Amino acid sequence: MIAALKFVHIAALSVWCAGLVGLPLLLARHAPNGDQIDFARLRVVTHQSYVRLITPAAVIAIAVGTALIFMRSVFVPWMFVKLVMVGVLVIIHAWVGHITLQMGEQQGDYIPPAAMPLVGMSLVAMLAILVLVLGKPLVETWPGPTWLLEPRDQSLPVGEVPM
């Protein structure tokens with residue numbers, strides 16, 4: 001079961017990461033003075049790939065990855081750093097979606113940003129995730145404030161307690 005979930009997670013992650021590299025490169029090909037046929041073709045390709053391929057792959061990768069965290073009880077510091085890097089990928093994903101929407105809504109009025117900063121940030125986050133997952137570095141000391149690790153002996157600020 002866990003092996004099958006890992007396969008699905010890695011497959012979805014591969015599609016998502018490929019989209020985060022390829023889609024900014026496609027968006028950079030939009031020319032503000034291009035003809036309508038090229039614009040329409042690129043618009044359909046970028047929009048459909050973002051909506052029908054890259055976003056579902058991201059949702060599957062995150063959902064299955066979350067399930068794997070709980071199934072394997074991987075609550076170690078390197079995993080929390082990895083989740084921060086996944087958050088960076090989610091922010092980049094949202095940014096690419098915003099650019100895709102702006103390109104479709106404002107033909108000729110919107111010039112897409114250069115692809116290399118988006119691709120570079122994506123590759124740095126992907127490399128960091130890969131190093132963390134494969135290396136599983138030991139983080140001896142907690143880099144955050146120590147008061148986060150201490151119990152506060154206070155009730156939750158809500159009337160109902162989960163579980």
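Q: What does the secondary structure of the protein chain come to?
A: The chain comes to four helices and zero strands, where helices (H or I, at least four residues) and strands (E, at least two) are DSSP runs numbered from the N terminus. Read along the sequence, the pattern is α-α-α-α. This is a predicted model, in which local features need pLDDT of at least 70 and side-chain atom pairs count only at pLDDT 80 or more, while totals for chains, interfaces and linings use all residues. Residues are numbered from 1 along each chain as its sequence is written, and side-chain values use heavy atoms, with hydrogens and water left out.

Q: And how do helix 1 and helix 3 pack, at what angle?
A: Helix 1 (residues 2–27) and helix 3 (residues 77–105) pack at an angle of about 40°, with their axes 10 Å apart; axes are lines fitted to C-alpha atoms, for helices over the stretch in contact, and angles run from 0 to 180 degrees between N-to-C directions. That makes helix 1 oblique to helix 3, since angles under 35 degrees count as roughly parallel, over 145 as roughly antiparallel, 65 to 115 as roughly perpendicular and the rest as oblique.

Q: Which residues of helix 1 and helix 3 meet there?
A: From helix 1, His-9, Trp-16, Leu-20, Leu-23, Pro-24 and Leu-27 take part, and among their partners in helix 3 are Val-86, Leu-89, Val-96 and Ile-99. The residues of this contact (heavy atoms within 4.5 Å) divide into twelve nonpolar, three polar and one charged. Here Ala, Val, Leu, Ile, Met, Phe, Trp, Tyr, Cys and Pro count as nonpolar, Asp, Glu, Lys and Arg as charged, and the others, Gly among them, as polar.

Q: OK, what about helix 1 and helix 2, what is the angle there?
A: Helix 1 and helix 2 pack at an angle of about 145°, and their axes are 7 Å apart. The residues of that contact divide into 23 nonpolar, five polar and two charged.

Q: New topic: how many residues has the largest nonpolar core?
A: The largest nonpolar core has 22 residues, and those with the most contacts inside it include Trp-16, Leu-20, Leu-89 and Ile-99. Such a core is a set of buried Ala, Val, Leu, Ile, Met, Phe, Trp, Tyr and Cys residues joined through side-chain atoms within 4.5 Å. Helix 1, helix 2 (36–72), helix 3 and helix 4 (115–135) are the elements that give two or more residues to this core. Apart from it lies another core, of five residues, among them Ile-69, Val-74, Trp-78 and Met-79.

Q: What does Ile-99 touch?
A: Leaving aside its neighbours within four places in sequence, Ile-99 is in contact with Leu-27, Tyr-110, Pro-112, Pro-113 and Leu-118.

Q: Last one: what is the phi of Ser-73?
A: Phi of Ser-73 is near 50°, a positive value in a residue other than glycine, and Ser-73 lies in the loop between helix 2 and helix 3. Most residues other than glycine have a negative phi. Lys-136, in the segment after helix 4, also has a positive phi, of about 45°.

Terms used:
Buried means under 20% relative accessible area, exposed over 50%, partly exposed in between (1.4 Å probe, protein chains only).
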